[in-house]
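Please look over the model below before reading on. The paragraphs that follow lead through it element by element, with each cut-off stated where its term comes in.

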Amino acid sequence: MAQAMTTDAGSHHASALDTPPTSAGAQLRARLLNALQTAVPGCQVLTGEENLAPYETDALPVYRQLPLMVALPDDESQVQGVLRECRRLGVPVVPRGGGTSLSGGATPMPNSLVLSLARLTRVLEVDPLARTATVQPGVRNIRISEVAAPYELYYAPDPSSQIACTIGGNVAENAGGLHCLKYGLTVHNILRVKAISMDGEVLEFGSLAPDAPGLDLLALLIGSEGMFAVVTEITVRLIPKPPVAKLVLASFDDVETAGDAVAAIIGEGIIPAGLEMMDKPAIAAVEAFVHAGYDQEAAALLLCEADGNREEVAEEVARICAVLQRHEVRDVQVSSNEAERLKWWSGRKNALPAAGRLAPDYFCMDGSIPRRAIGKLLKRIQGMEEVYGLQCLNVFHAGDGNLHPLILFDGNDADQLRRAEDFGADILERCVELGGTITGEHGVGIEKLNSMCVQFTPAERETFLAIKRAFDPAGLLNADKGIPTHARCAEYGHMHVSGGRLPFPDIERF
Amino acid sequence: MQTRLQQAMRETPEGEEAEAILRKCVHCGFCNATCPTYQILGDELDGPRGRIYLIKQMLEGHATSADTRQHLDRCLTCRNCETTCPAGVQYGRLLETGRRLALKRNPRSLTEQAMRRALAAFLHTGVLFTPVLRLGQVLQAALPAAVADHIPARRPAAGVWPRMTHERKVILLQGCVQPAMAPNINRATARVLDQASIQVLRASAAHCCGAIHQHLDFEAASLADARRNIDAWWPLIEGGAEAIVSNASGCGVALKEYGHRLRNDPHYARKAEQISAMTKDIAEVLEPHAAQLAQEARFPPPAGVAFHPPCTLQHGLQIRGKVEAILAAFGINARLPHDAHLCCGSAGTYSLFQPELSLTLRDEKCRALTQTGATCVATANIGCIAHLQNGTAIPVVHWIEVIDSVLCGTAL
């Protein structure tokens, strides 16, 4: 997000509708349209500003860029055909699933083609014995668990947007979720991926075997933000539904105490199925939608889940409650039935968009920090609210130390937008300072490009770029995302003075 | 979400409302997940988030063609997205504004306009509708499938209207096409309420709720429907009627909107608001009496009942679980089909103008209902009843008819 303060980011910022496509763009569009109609005749293509505008952004709508065209292939061969033609004509391609990225992963690039995978929605196979499902990339995350449910199986990673986000997008972003603390991120739950390179070559990553010889390129592909290849088929691992799951809902008078309680639960050797936290403003926003019965007076809420067999769960719940009691908890409740458990979770899962009730826009940050630093960072954020004059809600995967501070602002007010961007960059830099990272699960996208300059050295970034070139030598596939160019970092360093010091003094400035 | 509405637009009450709604949307895309047309078509332009964007573009003064109108026309107005939206975006209201604007910018062809006018007159006029319906039912086998598919089958005789008077009185919205298509529903409603010691009043001057005119683009005529109904019901309200009861959830939603739609009419604003506040679905009226009435049930409950909750009931009126609870009180364990939150494709006159989408949804819904093993499908809206019945051999009835069969022994 913070890139908007650099000139480099200008192309992503504000509406591209203000800048009509160049005549070169118009020519390219005509050539591409012609090529696609000839080579991939069955594939629907959208053109014209009216139809393209809704594709100019994803779930980070302050960044917009009108694409040249949108292609809506129905199957893998059409995906391949579109990629080949784009490669031949040198047209950048931006893959898009459910368009739920919070980091601008599906935001178009100038003169690019948006390749929507939303029509590839077939569940190809559910194998209850091997405990796998093979699906197309446009299948929604939650759908996989729905089709596995008759076999008492499910797909574990559950991002809050799981009703709408697609598994293809999850692979691209290495999506996390509420239950990743115990069951791992996307990367831990995918066995095999079929993908198509920018050249149109079909690639296979991973296998159904638990381990395979050679480099683990599957792990490299997962989380590559659509920069290496376009995923067309995914085999996911399914796991048995735990016989019992209980959710502990605890409220606190103080955010820092709640943060300490989180560290203490993990310190006790407990690995809850989920360990989530929300602060007071977040509780209020979401209660208005879900009516989950959350304690409105509390400064912070913890949601801590235990799953397994009856005895395991009973023991773990008792241990969790004991730790909470030692941490000045206001109130502890344990879910008494499945409906109640799901209701309590539903509040947490809807917390982000529910912020729309409080302000027209928000930035959802995604920093990760060591758990022991949670309380400290939350206090720092409170201080920053005054510095930047903006409100910040906190919703996060406390167990992972993965924070989602939600900075509220009004995008119609340019100054608020600028302050929100600075606020966000500031939070992420404090995360790095506390020994953490700038992203936990949302990806870098365009949102955190500048923060990548803070996180990695030029040599590290050069290695990333070299890997990108190995997959996509022409630099057409979701380029300008994920990894900042050296020039960009230099510019950011030049523009951005933090705490009176210029970062990256080693970078040549222009 | 950022908005840059045209100044002229922003200064109208409609523009002001639209902007407030737009600014609540955070573009998260959750709505697409439960949108029937997005699930079928997989195009951002055919989901709520994309439609909101198209409307925003119009309000901001960008050029539009008939494409925008077409994508807005494809919306079922099921409002499933509103149930899903964590930010509380009132999509339905925004869509109304969007459709009006799209129509003004890119009017329909004259043929299409004429068709809509004829259809409105036909559906709206009992004098015409009833005999044509009966004739169609007789000739159904001989008619081409495209026409025959839209003709609802003749339903069993209606039984009697109760004669008892009670202290508690409610007004029943009888509807326009329902009395001809399924005459038993209103009578069953009256009989069941009679058992609960509630007398059902009818105002002969009241007619269609206004939804048909609204679906067909006749805004002024739709508001005239509302005013006529208000005038017809007012003396009964002054006489002590405690509620206006709707047994078609689609019509119930329309009544609930009177207050909003007539808010700028100095003569009707207050009355319209009161009518909306007094409007209750039959499930809301019956719920407090269900346990008591169940004691008096003399006939065996039917087995194998599945319940299809209409969108207007679960998303429009936001009534969920009530009908199932009432049926359960009578010992009827109504099964819900898979994806019960999705529309059956009826959506008022939608099935006539978007046959492909409508039939895809209907067939999917019938498949899901069949999978429950049901031998009887109960629902809560005349549109869904007629639409589903044309797609399945399993009898489709109003759930109040099921209660009536248990209380009064009327054949289903």
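In this predicted model, strand E17 of chain A is joined to strand E18 (residues 402-409) of chain A by six bridges, and the two run antiparallel; helices (H or I, at least four residues) and strands (E, at least two) are DSSP runs numbered from the N terminus, and two strands pair if DSSP finds at least two bridges between them. The two strands form a hairpin with four residues between them, and A:Gly401 in the turn has a positive phi of about 70°. Within this pairing, A:Ile407 in E18(A) is the bridge partner of A:Cys392. E17(A) is also joined to strand E13 (residues 274-279) of chain A, by two bridges and again in the antiparallel sense, with A:Met278 standing opposite A:Val395.

Residues are numbered from 1 along each chain as its sequence is written, while chains are lettered from A and ligands numbered from 1 in the order in which they are written. Because the model is predicted, local features need pLDDT of at least 70 and side-chain atom pairs count only at pLDDT 80 or more, whereas totals for chains, interfaces and linings use all residues.

How many of the six residues of E17(A) (residues 392-397) are buried? Six of the six are, so the strand is largely enclosed by the rest of the structure; a residue is buried if 20 or more other C-beta atoms, placed from the backbone, lie within 10 Å of its own, exposed if 12 or fewer, and partly exposed in between. In a regular strand the side chains alternate between the two faces of the sheet. Here A:Cys392, A:Asn394 and A:Phe396 point one way, A:Leu393, A:Val395 and A:His397 point the other way, and all are buried.

Among the buried residues of H3(A) are A:Val79, A:Val82, A:Leu83 and A:Cys86. The buried residues of this helix pack against helix H1 (23-39) and several strands of chain A, including E2 (69-72), E3 (93-96) and E4 (113-116), where contact requires C-beta atoms, placed from the backbone, to lie within 7 Å. After H3(A) comes A:Gly90, whose phi is positive, near 70°.

Strand E3 of chain A contains A:Arg96, a residue that is buried, with 31 other C-beta atoms within 10 Å. Leaving aside neighbours within four places in sequence, A:Arg96 is in contact with A:Ala106, A:Val114, A:Leu115, A:Ser116 and A:Leu117. The C-alpha atoms of A:Arg96 and A:Thr107, 11 residues apart along the chain, are separated by 8.5 Å.

In chain B, four strands form an open sheet with parallel pairing, in the order E2-E1-E3-E4. Its edge strands, each pairing on one side only, are E2 (198-201) and E4 (279-281) of chain B. Strands E1 (residues 168-173) and E3 (residues 243-246) of chain B pair over four bridges in the parallel sense, and B:Leu172 stands opposite B:Val245 in E3(B).

The contact between the chains takes 36 residues from chain A and 30 residues from chain B. On the side of chain B that touches chain A, H5(B) gives the most, with four residues.

Note on methods:
Contact = placed C-beta atoms within 7 Å.
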